[in-house]
Amino acid sequence: MFRLEGSKTLAVDLTGDAVKAKNGSMVAYEGQMAFKKMTGGGEGLRGMVTRRLTGESMAVMQVTGQGTCYFADRASEINLVSLHGDKLYVEASNLLCTDAGLRTGTTFTGLRGGATGNGLFTTTVEGTGQAAIMSDGTAVVLRVSAQYPLFVDPGAYIAHQGSLQQHFQSGVNFRTLIGEGSGESFQIRFEGEGLVYVQPSERNTIGGNV
Amino acid sequence: MPFREINSKMVEATVVPGQRMFSQRGAMLAYRGEVAFTPNIQGGQGGMMSMIGRRLANEATPLMTVEGNGTVMFGHGGHHIHVINLAGDTLYVEADRLLAFDGSLQQGTMFMGSQGGVMGMVRGQVTGQGLFTTTLTGHGAVAVMAHGGVIELPIAPGRDVHVDPQAYVAHHGQVRNKLSTALGWREMVGRGSGEGFQLELSGSGAVYVQASEEKL
């Protein structure tokens, strides 16, 4: 059971079950807890190799026990996401905690990754349960529907869920080439039905510098 | 004189004649009325011996005395501020986390070794708190700083709380703390979960935990 304690601390009530969390993100707990690092993100040998190769490696620990465990990471804002059999795409560095019942994996994102500074691969979380994702500042959740595509700055994108197609588009013109760009030369266009999580802060990206 | 929280990163204190308060030097943001700020070379109360004690213990944060008649706003470094009201009990906090506190509170320095002997000293070193910590006793309010928000976890007999040493901010009440280790072969081969050391707090009181593993 995930709940928020303030906006920056996640409290998870455990009754003998397990959650997966970012390594070292526990700040306090009551009751009995055991922490165990899951080598390669807990996806077996194949998952470990994939993560090493794709640069999406994340250090994950499994927390089991009875009581309440509190998680936080560098004062990031935390957002709860409920999954009902659908798939969440999130950057490994933005994923704080997931139910142990959720499957995690890696997927190819296409051209987008290069400009977002995230690499060409992203992490997926699927199944039924809850996940907690982190953002720099309070994230907004934007709904995308068939008639209303959404354009997002690659540096501000953190996650999305639902059946969305993403396209990478650039507005590079002669101004960009002479160094007078607006800093908004690249965007991700989302089409379809789903939700996109956007943070009010931009990571350093190649796209943001031109 | 209680602190009034303006927002999560600023507090306002009312100063009346005859009562003084202490604050970290340079933490004043604005004031109204006739208020004087005097740098306090001794770094707090208790005269010369206490000052030497604090210097030796490396718990000497530059403090200033705030006196006069008016209201003063405090804030520092964009850190979140949490106000703790003490009613006769003792607050244990690191000196560099102290933003401001009532002059009515008794300030002291505690040797970590006096609570838990050798393990207390080891704990101080592991947690980065050093061998000494600052205590505040009495009736009054304290404003402490933390990176990210602060949550307060109550400690009761039979309800021990374990805290990541880096996220620990302060505690008050009749609390015993000891360092518990969960080191196994995984830590030895560099595959640890990052939670090898924990502060185990038991007794009755409360502990304040910040939403971050960063020191100030």
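1. Strand 11 (residues 157-170) of chain A and strand 12 (residues 186-198) of chain A are antiparallel partners joined by 13 bridges. Within that pairing, L164(A) has G192(A) as its bridge partner in strand 12 of chain A. Strands here are DSSP runs of E of at least two residues, helices are runs of H or I of at least four residues, and both are numbered from the N terminus. Two strands are said to pair if DSSP finds at least two bridges between them.

2. Before going further, please keep in mind that this is a predicted model, in which local features need pLDDT of at least 70, side-chain atom pairs count only at pLDDT 80 or more, and totals for chains, interfaces and linings use all residues. Residues are numbered from 1 along each chain as its sequence is written, while chains are lettered from A and ligands numbered from 1 in the order in which they are written.

3. How confident is the model in chain A? The average pLDDT (the predictor's confidence in each residue, from 0 to 100) is 82 for chain A, and 75% of the residues score at least 70. Where pLDDT is low, the predicted coordinates should not be read in detail.

4. Chain A has four helices and 12 strands, and chain B has three helices and 13 strands. Of the 210 residues of chain A, 42% are buried; for chain B the figure is 39% of 216 residues. Buried means that 20 or more other C-beta atoms lie within 10 Å of the residue's own, exposed means 12 or fewer, and partly exposed is in between, with C-beta atoms placed from the backbone. Taking contacts between residues at least 6 apart in sequence, 80% in chain A join residues at least 24 apart, and in chain B 79% do. A contact requires C-beta atoms, placed from the backbone, within 7 Å of each other.

5. The largest nonpolar core has 94 residues, and the members that touch the most others are L10(A), Y70(A), F71(A), I133(A), V144(B) and V209(B). Strand 9 (residues 132-146) of chain B gives the most to this core, with seven residues. A nonpolar core is a set of buried Ala, Val, Leu, Ile, Met, Phe, Trp, Tyr and Cys residues joined through C-beta atoms within 7 Å.

6. Where do the chains meet? In total, 23 residues of chain B are in contact with 21 residues of chain A. On the chain B side, strand 10 (150-155) and strand 11 (161-163) are the elements that give two or more residues, and strand 11 gives the most, with three. Strand 3 (residues 26-38) of chain A pairs with strand 11 of chain B in the antiparallel sense over three bridges, and A28(A) has V163(B) as its bridge partner.

7. R74(A) is partly exposed because 14 other C-beta atoms lie within 10 Å, whereas A75(A) is buried because 21 do.

8. Finally, A59(A) lies in the loop between helix 1 (44-54) and strand 4 (60-71) of chain A. A59(A) and N23(A) are 36 residues apart in sequence, yet their C-alpha atoms are 5.3 Å apart. With 18 C-beta neighbours inside 10 Å, A59(A) is partly exposed.

Methods. Two residues are in contact if their C-beta atoms, placed from the backbone, lie within 7 Å.
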